Amino acid sequence: MVDYKNIIIRNPNKRFGKPCIRNTRITVFDVLGWLAAGMDFNDIINDFPELTADDIKACLANAADREHKLQHAS
C-alpha cells in the first residue's frame, strides 16, 4: 500500500482544508468521485497530468484508512 501521508496534505488555506494531493488543488474527494464515475487511472492522469498513479493510490489508501478508523470508533 502507498504511504499516503507524504502525498495527501491538508492546508487550511486551500480548498477549505480538505485533503488535497501534494501542492495541487485536487482533493481526495475529487479523485474518488472520478473513479466512482468510471474513470480509470489513465483517464484521470490524461486529464490531470500533474497526477501520478501513486497519487491516485494514495487517495484510495487515505479513504481506506479513514473508513477503518470510522469502523473502530463506533
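Is F16 buried or exposed? At 81% relative accessibility, F16 counts as exposed. Here buried means under 20% relative accessible area, exposed means over 50%, and partly exposed is in between, using a 1.4 Å probe and protein chains only.

## What you're looking at

This is a predicted model, so a few ground rules apply: local features need pLDDT of at least 70, side-chain atom pairs count only at pLDDT 80 or more, and totals for chains, interfaces and linings use all residues. Residues are numbered from 1 along each chain as its sequence is written, and side-chain values use heavy atoms, with hydrogens and water left out.

## Overall layout

The protein has three helices and two strands, and from the N terminus on they run β-β-α-α-α. Helices (H or I, at least four residues) and strands (E, at least two) are DSSP runs, numbered from the N terminus. The radius of gyration is 12 Å, close to the 11 Å that the globule rule gives for 74 residues, so the protein is as compact as a globular protein of that length. That radius is taken over C-alpha atoms, and the globule rule is 2.2 Å times the number of residues to the power 0.38.

Along the principal axes, the C-alpha atoms fill a box of roughly 40 × 30 × 20 Å. Of the 74 residues, 31% count as buried. Contact means heavy atoms within 4.5 Å. Take the contacts with a separation of 6 or more: residues 24 or more positions apart account for 41% of them.

## The loop between the strands

Back to F16, which is found in the loop between β1 and β2. Its phi is near 60°, a positive value in a residue other than glycine.

R15 lies in the loop between β1 (8-10) and β2 (19-21) too. Phi of R15 is near 50°, again positive in a residue other than glycine. With a relative accessible area of 26%, R15 is partly exposed.

## Helix α1, face by face

V28, D30 and V31 are buried in α1. Looking down the axis of α1, you'd find its buried residues within an arc of 165°, so they line one face of the helix. The arc is that of the directions from the helix axis to the C-beta atoms. As a reminder, an α-helix has 3.6 residues a turn, so residues three or four places apart point the same way.

On the face of α1 turned away from the buried side sit the exposed residues F29 and A36. After α1 comes G38, with a positive phi near 105°.

## The nonpolar core

A nonpolar core is a set of buried Ala, Val, Leu, Ile, Met, Phe, Trp, Tyr and Cys residues joined through side-chain atoms within 4.5 Å. The largest one has 13 residues, of which I8, I21, V31, L51 and C59 touch the most other members.

Not counting residues up to four places away in sequence, V31 touches I21, I26, I44, L51, I56 and C59.

## A buried aspartate

D55 is found in helix α3 and is buried, with a relative accessible area of 2%. Who are its partners? Leaving aside neighbours within four places in sequence, D55 is in contact with I7, I21, R22 and E50.

## Cysteines

Count a disulfide as a pair of cysteine sulfur atoms within 2.5 Å, and the total comes to zero disulfides. C20 is in no disulfide, and the nearest cysteine sulfur, that of C59, is 9.5 Å away. Both cysteines are tucked away from solvent by the numbers: C20 counts as buried at 2% relative accessibility, and C59 is buried with a relative accessible area of 0%.

## One aromatic pair

Rings of Phe, Tyr and Trp (its six-membered ring) pair if their centres lie within 6.5 Å; planes under 30 degrees apart count as stacked, over 60 as edge-to-face and the rest as tilted. That gives one aromatic pair. The ring centres of W34 and F48 are 4.4 Å apart and their planes are at 15°, so the pair is stacked.

The pair links distant parts of the chain, 14 residues apart: W34 is in helix α1 (residues 28-36), while F48 is in the loop between α2 (41-47) and α3 (53-73). F48 counts as partly exposed, at 24% relative accessibility.
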